[in-house]
Amino acid sequence: MARQYRTGSLRDELHRAGQEARALGNVATEIANDLRDLANKELELAKAELSEQVAKAVRTVITAFLAAIFGFLMLAFLAVSAMFALTELLEFEMWASALIVTGGLLLLAVLFGLIALMGARSMQVGPVRTIKSLRETINWGRAQMKWRGKSPSSGNP
């Protein structure tokens, strides 16, 4: 009779171990499904963020192009006006007035080129928020794997 009790106890233990293994498999499947869904949502977020950045960049480029065209026209007329003013008011030769105005325009071009270069270096290109969110998700997933990986029989949640 003691032998039957022992066999029954062993059978119960094996049955319980099988149930725990299935439960662990279900948890692993659930985690894998959650991570796949999360990865898909992160990918959608990255696409949306990049689309938003591209649209904003296109609007900015178009606006800057229009401003550049009108600015160029204004500078051309301003340069011609300055050249005539130097010739009339200071009685410079026309070629000397043109050379002085051209030198001034060159200095302005260099100054604005350097400002644009500094601005371009500070730009962030890419899905910065998505990368941050993805890192947080990975850390969360690792914590979930550690938490769910604990045995229910060990008394840990």
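At 4% relative accessibility, Glu49 counts as buried (buried is under 20% relative accessible area, exposed over 50%, partly exposed in between; 1.4 Å probe, protein chains only). The model is predicted: local features need pLDDT of at least 70, side-chain atom pairs count only at pLDDT 80 or more, and totals for chains, interfaces and linings use all residues. Residues are numbered from 1 along each chain as its sequence is written, and side-chain values use heavy atoms, with hydrogens and water left out.

Side chains of opposite charge can pair when their charged atoms come close. A salt bridge is taken as a side-chain nitrogen of Lys or Arg within 4 Å of a carboxyl oxygen of Asp or Glu. By this rule there are three salt bridges. Glu49 pairs with Arg129 at 3.6 Å, N to O. Arg129 lies in helix H3 and Glu49 in helix H1, so the pair ties together parts that are 80 residues apart in sequence. Helices are DSSP runs (H or I, at least four residues), numbered from the N terminus. Arg129 is exposed, at 52% relative accessibility. A salt bridge also joins Arg129 to Glu52, with the closest N and O atoms 3.7 Å apart. This pair links Arg129 in helix H3 to Glu52 in helix H1, 77 residues away. Glu52 is partly exposed, at 47%.

Arg16 and Glu13 form a salt bridge at 3.3 Å between the closest N and O atoms. Both residues lie in helix H1, three residues apart, about one turn of the helix. Arg16 is partly exposed, with a relative accessible area of 42%. Glu13 is partly exposed, also with 42%.

Thr130 is found in helix H3 (residues 128–148). Thr130 is buried, at 4% relative accessibility. Beyond its neighbours within four places in sequence, Thr130 is in contact (heavy atoms within 4.5 Å) with Glu42, Leu45, Ala46 and Glu49.

The loop between H1 and helix H2 (94–121) holds Glu91. Glu91 is not a glycine, yet has a positive phi of about 55 degrees. At 70% relative accessibility, Glu91 is exposed.

The largest pocket is lined by 14 residues. A pocket is an open set of points on a 1 Å grid over the protein atoms alone, where a 1.4 Å probe fits, with protein on both sides within 12 Å along at least five of seven lines; lining residues have an atom within 4 Å of a point. Gln53, Val54, Lys56, Ala57 and Gln124 lie nearest the pocket centre. Helix H1 (residues 2–89) gives the largest share of the lining, nine residues.

Technical notes. Helices (H or I, at least four residues) and strands (E, at least two) are DSSP runs, numbered from the N terminus.
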